[in-house]
Amino acid sequence: MRLRARLPIEPLPAVRRLRGGPGLLALVLVLAGCNSPVEGPAEGGLSPNALPEVVAALRQDLELPRHASDGAGTVAIAEGPARVTAGGSGTWTFVFRAGPLGIAEGGWLLFQVSPFWNWSTPQVSERHAPGFTEVATDAAGVVLEPETLDRQLLGIRVTGRALAAGEAVRLTYGAGAGGALVDRFAETGSQFWFAVDGDGDGIRGLLPEPLTVDVTAGPAALLLLTLPSVARPGETARLRLAAVDGAGNQAALPAAQAALTWQRRDDARGPLPPDLPRSVDLAAGMTVELEVPAAGVLAVSASTPEGLTGTSNPMVVSADLPPVLWGDLHGHSNLSDGTGSPAGYFRYARDVAALDFVALTDHDHWGIQPLATHPGNWEEIRRQVAAFHAPGEFVTLLGYEWTSWLHGHRHVLYFADDGPVLSSVDPAYETPRQLWDALRPYPALTFAHHSAGEPVATNWSYAPDPQLEPVTEIVSVHGSSEAADSPRVVRGALPGNFVRDVLERGHVLGFIGSGDTHDGHPGLAALANPNGGLAALPGAAPSRESVRQALVARRAYATNGTRTVLAATLDGAGMGQVVPPSESPLLAVEVAGTMPLSRLDIVRAGTPPESIDLEGRWHVRLERRIAATAPGDFVYLRVLEEGGGTAWSSPFFVDSHPPALR
Ligand SMILES: [Zn+2]
Ligand SMILES: [Zn+2]
């Protein structure tokens, strides 16, 4: 379709369809593995699965001259519900009135439903199928020719004669028996967009404000309980409760009371601690204060009289282990290609996922009104980041996604109240090197993601900047970019482009996981997807500076969404640290699973992982001597739970130099 390429309002999967041939694969695959610090070809080239045609289309779109009649007119909802239930259906009638210049013969009116997830495609061919759409006008002599142009886009061509100023087009979406199916993810203000190509040259302009309806959650299906991962004996710990529907949307609690019980998550015997409140009044708040028992690894289960149940993550009672902060540093709202508002995103992160720190990272140039060209949207994100930031309780970070189709995606985080959107479509910030150089004046960090595969893999010929990119996102909804032997590898993974390959070339990177949620569920992307991602920061405090320092020091581990407890040292040094070579280094590991543990893999440079069977235990503590390490080696841990939960420690890096020289 001629209109199609003019406005980049497609979800990510559509980009995959635009992919060309193998392209520049050879350029990056010549990078051979070696353990000496960072050699290989000079930086340059492109990602092995780069999509230069997407960048060309985006740049072209920015240049397009729009006619005065493009994007003109008004539209209103004449009939239809203001609120609908996620996964339900509805029928809406819209009345569009042409602007002062009308729509020329051959021009178009376009109707775009929220372009992501599960809204019905507006279609005009099957009256009884969902999304059937009727269009009509009273303007005598005007003929309307509707056709579905894309998954969520209906175009209506004006023929016969021009639609004159003030003349109306009436459009009923969901006019047939099937109505129009509603997205299964809840959001306040789900958007219907209209656009006009007034002169018929194939270039459209959006009407500035979308029409909106609220999509509300379905009935509660699951209780979510969150405990601190580590607690001191005798202290007071907070249990957080929330309810979600079958798609992970925050749901109202049907009951006023829930019964709580302790669950053992270790091999200790004897009675469970007695002090748990038998019944909590959920109307009084979703937080319950618990006295931490003297010892053990415990979880809490809850049930309501209606049969709703849930079980918390494990809590290790320990006087020694540092507390763990949990966060999600990558996700999207409806300001780019996600579901829900920035405020809804942060509220969910705080109240449902019970995260300690979170970033919203909408795309620089992707979405209906991209951040790079709509400063009001960036301003709204800044406003919400500030409004939700509560140091000591809940840390919000300002960020965006540098969505490079040439060198791979990175998210940019600012550990401050403000920072610029440096767009990857802008030739001034086209390469990772240009981005990093421009970010140096700011307290910023960057994170490569889905780096091994689709939709665009990382061009690792640009060595991760040692100041600005200390860690990498190895797992998200897209799957794992760790290694080919990882569970649930990212789609389209490219041999040689995994994070382990990059470590083998001598790069120093810690590991985090992030959700990359597009369904409005930061911290809980795994609820409605096979995979998610979380970042764990042992020993960090809930402030922006402490989170930044933990990431810079690689005191971090990754999970694919589970709150697995993972603590490890190598010769006494913590994960992510630089250790001297050793003849017989001592590895100490403590793990508590959200499900029984199946396997611990010890991964190191140049050899297949060594696996230890964890035999379905919930909690494991072990010490063992591992084979000698030499400068350039790395060692990291991968823990697998029954049910697919996986955690990765940041690597220990072996070097004879002191850390400052790395
Ligand atoms: Zn991305
Ligand atoms: Zn993303």
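Biologist: In β39, which residue is the bridge partner of Ala-588?

Modeller: That would be Glu-623. Before going on, a word on the ground rules. This is a predicted model, so local features need pLDDT of at least 70 and side-chain atom pairs count only at pLDDT 80 or more, while totals for chains, interfaces and linings use all residues. Residues are numbered from 1 along each chain as its sequence is written, with chains lettered from A and ligands numbered from 1 in the order in which they are written.

Back to your pair. β39 and strand β36 (residues 586-592) run antiparallel and are joined by seven bridges. Two strands count as paired if DSSP finds at least two bridges between them. The strands themselves are DSSP runs (E, at least two residues), as are helices (H or I, at least four), numbered from the N terminus. In general, strands of a sheet pair through backbone hydrogen bonds, either parallel or antiparallel. Here the open sheet has four strands in the order β34-β33-β36-β39, with antiparallel pairing. Its edges are β34 (573-574) and β39 (619-625), each pairing on one side only.

Now zoom out. The domain assignment (bounds from an automatic or database source) includes domain 3 (324-563) and domain 4 (564-657). Their C-alpha centres lie 25 Å apart. The contact between them takes 22 residues from domain 3 and 24 residues from domain 4; two residues are in contact if their C-beta atoms, placed from the backbone, lie within 7 Å. On the domain 3 side, α7 (499-504), β30 (510-513) and β32 (557-559) each give two or more residues, and β32 has the largest share, three residues. By class, that side has eleven nonpolar, five polar and six charged residues. For those classes, Ala, Val, Leu, Ile, Met, Phe, Trp, Tyr, Cys and Pro are nonpolar, Asp, Glu, Lys and Arg charged, and the others, Gly among them, polar.

Last stop, the largest nonpolar core: of its 178 residues, Leu-397 and Ala-556 touch the most other members. A core here is a set of buried Ala, Val, Leu, Ile, Met, Phe, Trp, Tyr and Cys residues joined through C-beta atoms within 7 Å. Buried means 20 or more other C-beta atoms within 10 Å of a residue's own, against 12 or fewer for exposed and partly exposed in between, with C-beta atoms placed from the backbone. Strand β40 (residues 634-641) gives the most to this core, with six residues. Leaving aside neighbours within four places in sequence, Leu-397 has contacts including Phe-357, Phe-415 and Arg-544.
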